[in-house]
Amino acid sequence: GFKAATASSGKTAKELRGDYSSMAADFTIDQGWDRYTDTDHALWRTLYDRQSKLLPRYAARTFMDCLSRLDAGDGVPDFRRASDMLEKATGWRIVAVPGLIPEGAFFDHLANRRFPVTNWIRKPEEMDYLEEPDVFHDFFGHVPLLLHPVFADYMQAYGKGGQRALGLGRIENLARLYWYTVEFGLIREDGQTKVYGAGILSSAGETPYAIESPSPNRIGFDLERVMRTRYRIDDYQQTYFVIDDYDQLFTATGVDFGPLYERLAGPPEYAPADVLPTDKVYTKGTQQRVLGTKTA
Ligand code: PHE
Ligand code: FE
């Protein structure tokens with residue numbers, strides 16, 4: 001999913017840690033489920049249990065409901081089994097990839113309701129931090145909401161939109177939309193703010209931070225505002241955008257982006273921590289994490 005940001009990772013296949021030697025033209029590989037070791041499965045369970053404990057307090061109910069339907073707590077999931085279940089529900093399948101893949105290939109998979117999931121799992125010493133998304137981030141973070149009919153349609157629409165944006169040279173703007181929704185999105189639920197973004201929900205540190213820390217801004221989702229806002233790839237986010245529900249996301253992005261892209265070719269562009277007079281502000285962050293007190 002950071003896949004949409006392959007460009008911003010600045011890495012070529014050579015510098016990435018996955019095995020790109022035996023992939024097909026569409027960058028897929030065999031998951032090689034039989035090759036996971038006991039250590040791999042144990043690490044999956046540790047990560048799964050740690051995140052699961054945080055979910056009731058911080059995660060969107062939709063995410064938890066969908067996650068439990070996947071029944072994926074026992075060890076690294078077999079993509080074939082999960083795909084069969086997913087396909088019956090929303091028509092999506094999971095395809096294994098060695099890691100980050102080029103944008104064009106990524107968009108093509110999404111546009112055809114295939115979600116690329118990295119096959120390797122991190123090392124035990126990387127429990128809390130790793131530079132590239134692994135199977136835990138990709139599967140635990142992204143796959144559950146593919147069971148949600150509206151979100152599933154949004155992801156496909158995003159893939160089609162990505163192909164168009166590539167042609168128009170506006171990938172940077174579109175990548176911000178992915179970043180601030182699919183990866184780091186918050187959602188209103190019964191008068192509270194909850195997490196649905198995969199980048200947050202696969203991180204034990206950012207999950208409580210996104211909801212409870214006084215440091216970041218929490219601002220109502222606005223499409224053009226989001227697409228004008230740069231993001232951080234090196235630390236927790238300084239701003240989160242909050243949707244009312246997945247219908248809002250699907251409807252707001254359902255319009256023709258042509259005129260929008262023309263406006264986006266000009267200024268302004270916003271810094272990650274900016275708060276604007278026009279923002280619907282849920283929380284104005286102190287930004288204390290960045291200012292160095294690190295007490296967040
Ligand atoms: N509506 C967008 C376009 O016209 C496509 C899109 C849909 C992009 C959903 C992102 C999410 O290009
Ligand atoms: Fe991701």
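Author: In this predicted model, Glu87 has a relative accessible area of 39% and is therefore partly exposed, since that value falls between the limits of 20% and 50%. The partner of Glu87 is Arg93, and the closest N and O atoms of this salt bridge are 2.6 Å apart. Arg93 is likewise partly exposed, because its relative accessibility is 28%.

A further salt bridge joins the side chains of Glu269 and Arg176, with 3.0 Å from N to O. Glu269 counts as partly exposed because its relative accessible area is 44%, whereas Arg176, at 3%, counts as buried. The bridge is also part of a network, in which salt bridges with shared partners join Glu172, Arg176, Arg230 and Glu269.

Arg50 and Asp128 form another salt bridge through their side chains, at 2.7 Å from N to O. Here too distant parts of the chain are linked, for Arg50 lies in helix α2 (residues 38–58) and Asp128 in the loop between β2 (114–118) and α6 (135–142), 78 residues apart. Arg50 has a relative accessibility of 26% and so counts as partly exposed. Asp128 reaches 61%, which is over the 50% limit, and therefore counts as exposed. The bridges described here are among the 21 salt bridges that the structure holds.

Trp179, in helix α8 (residues 171–183), is paired with Tyr231, in the loop between α11 (223–227) and β6 (239–243), and the two are 52 residues apart. Their rings are stacked, at 4.1 Å centre to centre with 10 degrees between the planes. Both Trp179 and Tyr231 are buried.

As to confidence, the protein chain has an average pLDDT of 94, and 94% of its residues score at least 70. The lowest confidence falls in helix α1 (residues 6–9), with a mean of 50, and the highest in β6, at 99. For residues 1–8 the pLDDT is below 50, although this stretch has 33 contacts in the model beyond near neighbours in sequence.

Definitions and conventions
Residues numbered from 1 in each chain as written. Chains lettered and ligands numbered in written order. Predicted model: local features only at pLDDT ≥ 70, side-chain atom pairs only at ≥ 80, totals over all residues. Heavy atoms only, no water. Phe/Tyr/Trp six-rings, centres within 6.5 Å; stacked < 30°, edge-to-face > 60°. Helix = DSSP H or I, 4+ residues; strand = E, 2+ residues; numbered from the N terminus. Buried < 20%, exposed > 50% of the residue type's maximum accessible area, 1.4 Å probe, protein only. pLDDT = per-residue confidence, 0-100. Contact = heavy atoms within 4.5 Å. Salt bridge = Lys/Arg side-chain N within 4 Å of Asp/Glu carboxyl O.
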